[in-house]
Every structure is written in C-alpha cells, then in structure tokens.
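Student: Could we go through this structure together, slowly and step by step?

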Amino acid sequence: MPKYTEEVKQAVIERFLTNNKAARTIFTEAKIPRSTFYSWLKEHNAKQPQPVPMEFTPKNSRILMNKVARLEGIIEILKTVNCTVHSPLNEKLSEMDRLYGQYSVHALCDALDVSRGTFYNHLYRNKRNNTWYAKRREELKIKIQDIYDESHQRFGSGKITAVLRGQGITVSPEMVRELMSDMKLISIRQDAKDMYDKETQKYKNHVNQQFDVKTPNEVWVSDVTYFKSKNRAYYICVIIDLFSRIVVAHKISYRNSTQLVKMTFRQAYEHRQPGAGLIFHTDRGSKAVCDYLRLFHVTHSFSRAYVPYDNSVIESYFGTMKREELYRTKYRSEQEFKAAVAEYIIFYNTKRPHKKLQYKTPVQYEADYYRKQTGSQET
C-alpha cells in the first residue's frame with residue numbers, strides 16, 4: 001500500500017473543498033482508494049473548530065428574528081432597485097432617493113453598501129428641488145392627518161405606520177415620525193396625566209355640564225369638527241347658544257387653528273351683540289383665543305382634558321349635521337360643500353324641531369322668549 005505525504009493529503013482535500021466536483025471524481029482522478037479519501041476527509045473535519053450552539057433564550061430568539069427581518073428587507077430592496085451594489089454611487093443614491101420613506105435609511109444603506117452620512121448629505125442637498133419627494137411628503141401628511149384625527153389624537157407614529165401599511169402604503173416609521181414632528185402632531189397618550197394636571201390648574205370649566213341656561217347670550221359653546229370631501233380636508237367651527245341651541249355662527253377652513261375660532265367668534269359677536277357676562281366654552285385652551293376674548297370682556301371656559309361630555313351639546317350637533325346632511329351627499333366642489341353646510345344650519349335653526357325646546361325650532365324658542373319679555377315690560 002503506497003504511503004502518501006501530508007502535502008498530498010492536503011492538496012486532495014483542498015481540491016475537493018474548492019472545486020465543485022463530486023468526491024468520486026476527486027479520488028478517481030488522484031488514483032486514491034475511496035476508503036482512504038474518506039478517512040482523510042474525516043480527519044480534516046475533526047480538526048476544524050466546531051461552532052458553539054447558541055443557547056435558546058427569548059433574547060436570542062428576538063435577535064435572530066430581527067436579523068431575519070433585516071435580511072428580508074435587504075433582499076426586498078435589492079429586488080426593487082434598478083442597480084446593484086457595484087453600480088456607480090450616483091446610481092445607487094438615485095435609487096435610494098426613490099425608495100426613501102418606503103424603507104428605513106439603515107436598510108437602504110446596508111442593502112446598497114452606502115454610508116448613512118453620504119446618503120443624508122445627498123438627501124438634504126437635493127430634496128428642496130425634488131418635486132417627487134415634496135409631493136409624496138404632502139400626500140403622506142394628508143393621510144397621516146386623517147388617521148390622527150380619526151383616532152381622536154390617540155395614535156402615535158407606530159400605530160399610524162401600521163394603519164398606512166394596512167392601506168397598502170409602504171412607509172417607514174422614521175418617515176411617519178419625521179412628518180408628525182413637522183406637523184406638530186403628538187399622541188395624547190404622551191404625558192397625558194401631566195397635561196391633565198396642568199390644564200385643570202390653568203383652565204377653569206365655568207359650565208360644568210350645566211347646559212340649561214335662562215337667557216340668550218349667557219353661554220356659547222364652540223368646537224371644531226373635521227370632514228373630508230373629494231380628498232380635501234375641511235375644518236368646520238360652529239358656535240351655539242345654549243339657551244336656544246341656535247347656531248349663531250360658523251366658519252370653514254383648511255386648517256384647525258386659533259384663527260378659525262377667533263374669526264367664528266367675531267362673526268357671532270357682531271351678529272348677536274351680547275351684553276356683559278358672556279361665557280364662551282371650548283374644548284381646549286389656547287392663549288391666543290384667551291387673549292382675544294379678553295378684548296371683548298368675555299369669560300373663557302374650558303372642558304376638562306379628555307372629557308367629551310363637558311361639551312356634549314356641540315358634539316351632538318356635529319353628529320346630527322353629519323348624519324342628516326354631510327354623510328348623505330357627495331359634493332362635487334368646495335363651493336357646493338360650503339353652501340350645503342350653510343343651508344343645513346338655516347334648516348336646523350328655522351325648521352328642525354328640537355326635543356329639548358319642547359319641539360320648537362331654535363328661532364321659535366328665542367322668539368317666544370323675547371315676546372314674553374316684551375309682554376312683561378308692557379305689563
């Protein structure tokens with residue numbers, strides 16, 4: 001039986017490990033007995049360091065799941081882009097720019113082997129002139145605002161991302177978080193108790209769910225509701241006199257702002273000319289609105305944080321208007337929508353009987369009040 005040197009053994013094993021050939025081909029070409037070849041291979045494998053099995057723990061399980069998710073994301077990106085890891089940098093940056101917002105920056109950079117600093121420099125240098133980027137951000141902002149409002153300000157970036165993905169929109173949590181920061185949207189879950197304590201100390205509720213008042217222009221209640229028509233978001237501010245439940249003013253805007261509330265109040269004040277002692281009740285406090293009301297010597301009253309019953313009259317009105325008018329009609333234009341709101345308010349004030357008013361309309365109820373007042377004075 002021939003003796004083989006150590007160099008021959010290593011050469012044969014190396015050839016087997018580095019060439020895509022069957023073992024039979026290797027030992028036949030080398031004229032080595034089958035049993036001898038496999039004994040060499042067994043000896044070689046025995047000398048190799050054995051991998052230490054990972055201990056199965058919840059932490060290691062999460063690590064492996066995160067690693068798998070990361071690799072799946074990289075594979076998905078590589079299938080989507082129109083370049084490879086070895087393409088020129090400008091091509092890779094162009095593809096990353098196109099997918100920014102759909103995948104995290106970490107995943108994009110790992111997939112195409114680009115440093116995050118390089119990508120961010122490219123992104124911030126070019127985004128001002130990137131109309132596609134700007135358009136996508138504006139479209140996402142509208143959808144984020146819709147979800148945020150529908151959740152009554154409860155959802156943060158994580159839940160909003162999940163809802164968007166459920167709608168078939170590919171977006172990263174980082175992008176949603178960035179846009180919410182730009183839009184100044186914060187989940188009410190954050191520091192809710194601190195906010196509650198702060199508001200109860202700073203803002204006073206002068207109404208305390210006492211909605212029965214004896215005279216007109218004693219207490220007005222106001223709030224803003226959201227409605228979407230033809231992919232356009234509208235905010236409707238309404239002011240109601242608690243005495244007769246009459247709508248004394250309304251305004252419609254693209255934004256929910258203090259300016260909207262101030263304009264609506266000014267319209268109501270000029271129309272009704274209330275005397276001293278008017279209380280104006282709203283849901284949330286605003287220094288700008290408080291300062292504005294102070295000019296008219298009006299007392300500002302506030303609902304408690306997250307207690308919708310404190311302003312249930314206005315909430316009930318919005319529900320009625322939406323069920324009886326807004327949800328029943330597909331408006332063809334902004335003008336048609338605004339005209340419909342105005343016409344419904346006229347109907348509500350002059351023709352719709354109100355149970356609380358002994359089935360009189362708000363206009364009739366006020367007219368009866370002033371008729372009695374006039375009769376008392378004449379007597």
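Predicted model: local features only at pLDDT ≥ 70, side-chain atom pairs only at ≥ 80, totals over all residues.

Student: In what order do the five strands of the open sheet stand?

Tutor: Strands of a sheet pair through backbone hydrogen bonds, either parallel or antiparallel. Here the pairing is mixed, and the edge strands, each pairing on one side only, are β3 (246–253) and β5 (299–302).

Student: In which sense do β4 and β5 pair, parallel or antiparallel?

Tutor: Strand β4 covers residues 279–282, and four bridges link this strand with β5. Across this pair, T282 stands opposite F302 in β5. The sense of the pairing between β4 and β5 is parallel.

Student: Is F280 buried or exposed?

Tutor: F280 lies in strand β4, and, leaving aside residues up to four places away in sequence, this residue touches several others, including W220, I239, F265 and H300. The relative accessible area of F280 is 0%. Because a residue counts as buried when that value is under 20%, F280 is buried.

Student: What distance separates the C-alpha atoms of F280 and V298?

Tutor: Along the chain, F280 and V298 are 18 residues apart, yet V298 is among the residues that F280 touches. The separation of their C-alpha atoms is 6.9 Å.

Note on methods. Residues numbered from 1 in each chain as written. Heavy atoms only, no water. Pairing = 2+ DSSP bridges. Helix = DSSP H or I, 4+ residues; strand = E, 2+ residues; numbered from the N terminus. Buried < 20%, exposed > 50% of the residue type's maximum accessible area, 1.4 Å probe, protein only. Contact = heavy atoms within 4.5 Å.
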